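Dear colleague,

I am passing on a structure that I have been going through, and I would be glad if you kept it open beside this note while you read.

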Amino acid sequence: MRTDEAHQTVYLEDYTPPAYLVDETHLTVQIHADYTIVEARLQMRPNPELGSHGALILNAGEPMTLESLEIDGAAVVDPVRENEDLILPAIGEPSFEVRTRVRIDPNNNTSLEGLYRSGGMYCTQCEAEGFRRITPYPDRPDVLSVFTTRIEAPEDYPCLLSNGNPVAKGPLEEGRHFAEWHDPFPKPSYLFALVAGDLACTEDKFTTQSGRDVTLQLFTEAHNTHKTRFALEALKRSMRWDEQVYGREYDLDLFMIVAVDHFNMGAMENKGLNIFNSACVLADESSTTDAGFELIEAIVAHEYFHNWSGNRVTCRDWFQLSLKEGFTVFRDCEFTADMHSRAVKRVDDVTQLRARQFAEDAGPMAHPVRPDRYIEINNFYTLTVYEKGAEVVRMLHTLLGPERFRAASDLYFSRFDGQAVTVEDFVTCMEEKSGIDLTQFKRWYEQAGTPRVDVTSEYDPSGQLLTLRFAQSCPATPGQDQKAPFHIPIRLGLIGRESRSALSFSTDHSGFDAETGVFSLREEEDTLLLSGVSEAAVPSLLRDFSAPVVCEYPYSEDELQLLIVADDNSFNRWSAMQALATRTLLADVQQQDNADKLRNLLLKAFRSVLQDNLLDPAVKARLLKLPAQAYLAEQYTPVDPLALDSAHGDLKRHLAHELSPHWQSLFTETRATEAYRFDHIQAGCRALHLCALQYLVLDGEGWREAAQLWENADNMTEQHGALQAWSQVPNEAWQSAMETFYKRWQSDAQVTEQWLALQANAADVTVADIEALCEHPAFSWQNPNRIRSVVSVFCTHNSAGFHAADFGGYRFLAETILRLDSKNPQIAARLCTPFTQWRRYTKPVQEAMQADLERILSHEGLSDGVYEVVSKTLQGSQ
């Protein structure tokens, strides 16, 4: 593998505290038409916790022109510069002032990091290391400062916003004006935010539990004001929930959200001034789907919850990223579960985890929840850090129980308020309030990979004893060949073979909590002896996905069918159906002798679910959905992606044909009879309605049902769902409907992105079609949302198109990555993901992907982000 000294690795073990602290940061940001001047005044002092202090290092990203630098009024001429750092001599004074003046060019900042222009406004994105693109600064999360920000701009930008509370505003000469903001809470530079634009404001109010009124404001372009109300209502629900569940009250007088069209992420939790990707905050009933509403509600909650889990208590260094993100994802998942359906939320989260995070764990970019090294920190805003990190927190919640977990989180927030801390600090609070030794549990933060738990059982009817034997292991991952045993909480139950109902049991094992039904597996091998088991039973294991592991038990097909119809745990009913469907699909794709038998058994299982009228419609819709191809591709090697896609399609058509009367009945029964309303009951019925349509369109003239729904639907969920189902069998009528859809919605950015994604994921789409779509006026290479809607959707979800036999999809992706790398390296690096699994494929696919990976790596001037992903993906191939 090619090595490159220009791409330096950062290691957790090399962490040292900051040599100097910043008590106060005073910024003046002067926005002009062609440039921006940033003047900074930093009140600094040596870190008293250190005995000696080395050079003063100010991070100063490119491109930036340094016009002046002073220390205590003395000019520093020609400071030493190393890469992005200004290196200044050690300063021994007890306190000192650093002043800088720089010129930056936000108009041409295509990386969307630091200060940049999005449409008609200026905005910032500073996490993780964007602040150094605004002004020279010790840009690290363990340097917390009180910020005062003055913004000066032409009056064409009437809204001048920053963190904290407004303290002054007024006119200036030459048609300019200013606004000044003060944030009394010390924060790291990554939480700094600034917005300047001609924006409309929708305002609301929230009264905290202590009786204090907080003003809520959502800023957006004027033509989007009708899409702001839902997010504000979601914000109020989030604020109330955080008070009730965590005792956390908002601490400023003002909470602001700004919607921007050009944004690399979903949203950013900047203190008091959240900046959101427009797609993740703007919604109304005519243009937003049920899934869109739920996602927006969750993201609004996530960013608000960061006010405590991330802002008031932040992370010491970027290796601790999951400290704030994993904890906050867990909090937003629990919020969504409380607002809607806990079972459905769990199924949806685990679907993503199994299909995408497990693949990450098994790939070349595998890393612990707390990584120990990186080249580009933006590459570690991953499913492992976020979603698996949330699962680690969920396990702590499971082990401690709600009351002790709440007490531990209270201790964490009070003890470390205003500090930058580590994973160990968080876990220590959990230990202190629970009395549980979590030393072994911390391996979840330190060891990469997805653990595997193998379970076998033996039943003694005469003694009514059931023996469960557990064995855990974890495969090798890059840099970690051997893994120590994890502490794995396994929630379990028993379903009687004859009674087809839950059975009671008892055990003397010290690792089993009878109140919660959770067994703590700590050893490589352990045995659980259950007594009082009145009949032969089928174990219901890993209930509610109590740990992010692969749990293997030698279920027969009859046992899986029993769990599908009789398990009293909704998640495990779904999991059993996924297991049976996976077994069936693998038998098909691998041409096993029992393929036909499995198809018939799956048909029987689907029929039993279709006939169960007591099931929650949302749960039923998920039970009737086949496993994703991405998940299936992790179950065997070598994978022929076209053969897998063909088997997946064949099975879906088989289910469509054999159960056609059932799908038609279900579609008719779930047709809407009330005006659209976003709530769990209606959303579940619509999900089931569209699930039936997904199968109907595959049989005969079923597409006509989709066409009729598209014509008559009064909401975006059904309009979009009809077009998506119809896209499986696109014909001229579908093309015409898509043209009409675009003409109707072309002025709505969020719906236009849905329209692009529908085309990118349609059946029979070729690379030539995607290249043509990239030339459409609705597409822009400068807008990450448009890139994700076309390139990411095609390369990640359209297996037949991306993996076409001519390998044109790989060439297209490689060219796209290189095209974007010099302009927006963050997006370019994320687009590399479809290549990371290349070793799992058949040899011709491997060779084609490897050639394009090597072509990318040989390109001069690669960003750290793309270099890191591609070099690690190729590692060991030469």
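Predicted model: local features only at pLDDT ≥ 70, side-chain atom pairs only at ≥ 80, totals over all residues.

Helix H24 covers residues 808-821, and at 1.5 Å a residue its 14 residues should span 20 Å, which agrees with the 20 Å between its end C-alpha atoms. Because 11 of these 14 residues are buried, H24 is largely enclosed by the rest of the structure. Among the buried ones are Tyr810, Phe812, Leu813 and Asp821, and what covers them includes helix H22 (784-797) and helix H26 (843-857).

Asp251 lies in the loop between helix H1 (229-246) and strand E19 (254-260), and it counts as buried because its relative accessibility is 16%, where the cut-off is under 20%. Its side chain makes polar contacts with the side chain of Lys271, at 2.7 Å, and with that of Arg312, at 2.6 Å.

Then there is the backbone. Most residues other than glycine have a negative phi, and most peptide bonds are trans. Glu174, however, has a positive phi near 60°, and Phe545 has one near 55°. Glu174, at 77% relative accessibility, counts as exposed, whereas Phe545, at 0%, counts as buried. The peptide bond from Glu127 to Ala128 is cis, with omega near 10°, and the bond from Thr637 to Pro638 is also cis, with omega near -10°. Ala128 sits in the loop between strands E11 (121-125) and E12 (145-154), while Pro638 is in the loop between helices H13 (629-632) and H14 (641-658).

With best wishes

Terms used. Residues numbered from 1 in each chain as written. Heavy atoms only, no water. Helix = DSSP H or I, 4+ residues; strand = E, 2+ residues; numbered from the N terminus. Expected span 1.5 Å × (residues − 1). Buried < 20%, exposed > 50% of the residue type's maximum accessible area, 1.4 Å probe, protein only. Contact = heavy atoms within 4.5 Å. Polar contact = N/O pair within 3.5 Å; in protein donor to acceptor, adjacent residues only side chain to side chain.
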